[in-house]
Amino acid sequence: MCRSQRWHGMMVVSFILSVVAGFFYPLALGAPSKTLIRDAALILTMDPTVGTGELGVIENADILLDGDTIAEVGKNLQGNDAQVVDATGKIVMPGFVDVHNHLWQSLIRGCGTDKDLIGWLETCTFPLANPDITPTETEVYAGVRLSTLDLITTGITTTVEWSPAFTREFVRGNIRALSDSGLRFVFAHFGTADPAIIADMKLVKQTLIDPNPRATFQVASHPSEAFRPDLSAMSKLAKELGVKLHVHLLENIAQRDDHTFDVLKEANALGPDLLGAHGLHLTDKEIDILAEHDVRILHNPLSNMRLASGVIRLPELKQAGVQVGLGIDGGTNDTSDMFNTMRVAVGLQRAKSLQAGIFPTVADVLRMATVDGAELLDMFDRIGSLTPGKKADVIIVNPGDVNFAPRFEWVSQIVFNGQPVNVEWVFIDGRPLKRKGELVGVDVEAIVEAAQKAATRIRQGLLQ
Ligand SMILES: [Zn+2]
């Protein structure tokens with residue numbers, strides 16, 4: 001069976017499964033074919049075995065995408081039957097890996113901008129548990145769909161959605177929007193010890209996540225005294241399902257009173273399958289515990305600044321050997337700009353330490369936004385670098401725009417000058433989701449309109 005037949009077979013199976021599961025597979029995006037990205041001025045493969053140096057750099061070369069896979073990276077590649085994308089003068093690199101997000105929060109963009117985390121939660125999200133205000137399935141779909149476009153625009157090809165489960169419908173609307181987007185995604189489903197909720201989480205994984213080749217499931221919880229029994233139940237469930245447990249870890253200084261590490265230890269949660277978002281207010285001893293158990297940290301610097309949460313101890317985490325990736329963290333930072341996220345991750349450490357050479361350097365932060373994120377999600381075999389055999393998640397950046405040109409030191413300019421507008425092409429599984437600067441196959445106006453309608457109703461509810 002040739003590749004196209006195999007793909008066709010997969011699409012048929014996916015379609016049948018999606019009908020059974022009740023969610024829509026993005027058939028409209030079409031089956032992938034061969035694409036030759038030709039004459040790129042600079043390719044950052046992020047793989048030292050493919051190119052030069054730690055970022056695996058190759059100049060004046062091509063990349064051949066075959067279906068959903070990177071077939072070859074090198075000079076003068078032949079792709080007789082391939083669609084050719086002229087990358088003359090452009091930079092090609094892997095799509096960004098966003099390790100922590102809440103896409104539905106685009107519905108509350110601009111809410112509580114004078115509040116810290118606790119104030120923001122109390123003003124903008126906790127009231128949504130009131131059934132009169134909770135986003136409906138249609139509304140959460142609208143918000144998540146909007147955010148997926150925002151992510152694709154900035155060159156993110158994999159995202160991790162930490163989702164509350166206000167209702168069953170909320171979860172389904174969220175996953176449907178992620179599935180329709182064409183993004184590679186991880187769905188971290190919040191749950192409690194309630195057997196009915198656990199049963200539904202298993203159903204969600206089995207019917208909505210597992211049939212989708214671009215989707216992965218995680219279990220989400222919260223490590224505090226108030227959630228002690230729930231965290232234990234979720235830790236147990238994550239182990240039973242063989243998936244990661246994803247929590248918010250010491251984001252606000254007040255959470256020092258939550259006995260976080262005692263609760264995590266009691267729940268038997270410490271280990272390489274624990275993902276901790278933020279990890280801001282860690283003691284030296286706690287950093288050692290994270291390193292000892294290979295717990296991974298998800299750094300969201302824009303959110304940390306907006307919510308007056310603090311500055312992560314990145315150099316100390318690096319020194320201890322803790323793996324760290326970069327995240328956007330939802331509506332709290334009001335932007336999905338991964339370039340801005342990289343800049344701020346570098347800048348915060350320099351501002352705090354008064355040392356320009358402090359971790360992370362430009363190369364470090366580029367790794368955090370790509371390979372390191374893939375590694376900590378245990379998805380390194382599939383994504384994070386332009387290594388032949390990996391999934392064809394690739395972006396093309398135009399360094400000729402007024403905010404980026406002229407060429408002086410392009411690798412540094414990606415971090416210090418890059419903006420989403422410079423991302424011209426975004427391929428996920430070999431399919432272009434952004435083409436010559438335009439989003440592909442979506443009615444952007446209709447999606448913005450639907451999000452506006454949802455946000456207007458939710459805002460009215462919050463103001464009552
Ligand atoms: Zn978060």
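A residue is called buried when its relative accessible area is under 20% and exposed when that area is over 50%. D329 has a relative accessibility of 3%, so D329 counts as buried. The model described here is predicted.

## Zinc site

D329 is one of the protein donors of the zinc ion, through OD. Along the chain the donors follow the spacing H-x1-H-x145-H-x80-D. Within this set, H102 and D329 link distant parts of the chain, being 227 residues apart. H102 sits in the loop between strand 6 and helix 2, whereas D329 sits in the loop between strand 13 (324-326) and helix 11 (338-353). H102 has a relative accessible area of 6% and is therefore buried.

What geometry does the site of the zinc ion have? The angles among its four donor atoms run from 83 to 174°, and the site is irregular. For four donors to count as tetrahedral, all angles would have to lie between 85 and 135 degrees.

## Disulfide

The structure holds one disulfide. It joins C111 and C124, whose sulfur atoms are 2.1 Å apart. The torsion about the S-S bond of this pair is about -95°, so the disulfide is left-handed. C111 belongs to the loop between strand 6 (96-101) and helix 2 (117-125), while C124 belongs to helix 2. The two cysteines are 13 residues apart, and the pair links distant parts of the chain. Both C111 and C124 are buried.

In soluble globular proteins, nonpolar side chains tend to be buried together. Here the largest nonpolar core has 98 residues, and M342 and L366 touch the most other members. Helix 12 (residues 362-376) gives this core its largest share, seven residues. Leaving out residues up to four places away in sequence, M342 touches F96, L326, V365, L366, A369, I414 and V415. A second core of 18 residues is separate, and its members include A40, I43, I58 and V394.

Which residues of helix 6 are buried? They are D230, L231, A233, M234, S235, L237 and A238. The elements that cover them include helix 5 (195-209), strand 9 (215-221), strand 10 (245-249) and helix 7 (260-266). Helix 6 (residues 228-241) has 14 residues, and at 1.5 Å a residue it should span 20 Å; its end C-alpha atoms are 20 Å apart, which agrees. The expected span is taken as 1.5 Å times one less than the number of residues.

G143 is placed in helix 3 (residues 137-153). Its relative accessibility is 0%, so G143 counts as buried. Beyond its neighbours within four places in sequence, G143 is in contact with L103, S106 and L107. The C-alpha atoms of G143 and G430 are separated by 26 Å, and these residues are 287 residues apart along the chain.

## Backbone features in loops

Most residues other than glycine have a negative phi, and most peptide bonds are trans. The table lists backbone positions that depart from this pattern.

| Position | Feature | Value |
|---|---|---|
| F359 to P360 | cis peptide bond | omega near 5° |
| A405 to P406 | cis peptide bond | omega about 0° |
| L354 | positive phi | about 60° |
| D429 | positive phi | near 55° |

P360 lies in the loop between helix 11 and helix 12, and L354 lies in the loop between helix 11 and helix 12 as well. P406 is found in the loop between strand 14 (394-397) and helix 13 (410-417). D429 is found in the loop between strand 15 (423-428) and strand 16 (431-435).

Are L354 and D429 buried or exposed? L354 has a relative accessibility of 76%, so L354 counts as exposed. D429 has a relative accessible area of 3% and is therefore buried.

How values were computed: Residues are numbered from 1 along each chain as its sequence is written. This is a predicted model: local features need pLDDT of at least 70, side-chain atom pairs count only at pLDDT 80 or more; totals for chains, interfaces and linings use all residues. Side-chain values use heavy atoms; hydrogens and water are left out. A disulfide is a pair of cysteine sulfur atoms within 2.5 Å. Helices (H or I, at least four residues) and strands (E, at least two) are DSSP runs, numbered from the N terminus. Buried means under 20% relative accessible area, exposed over 50%, partly exposed in between (1.4 Å probe, protein chains only). Contact means heavy atoms within 4.5 Å. A nonpolar core is a set of buried Ala, Val, Leu, Ile, Met, Phe, Trp, Tyr and Cys residues joined through side-chain atoms within 4.5 Å. Donors are N, O and S atoms within 2.8 Å of the metal (3.2 Å for Na, K and Ca); water is not among the atoms, so sites may look incomplete. Four donors count as tetrahedral if all angles lie between 85 and 135 degrees; four count as square planar and six as octahedral if opposite donors are over 155 degrees apart and all others between 65 and 115; anything else is irregular.
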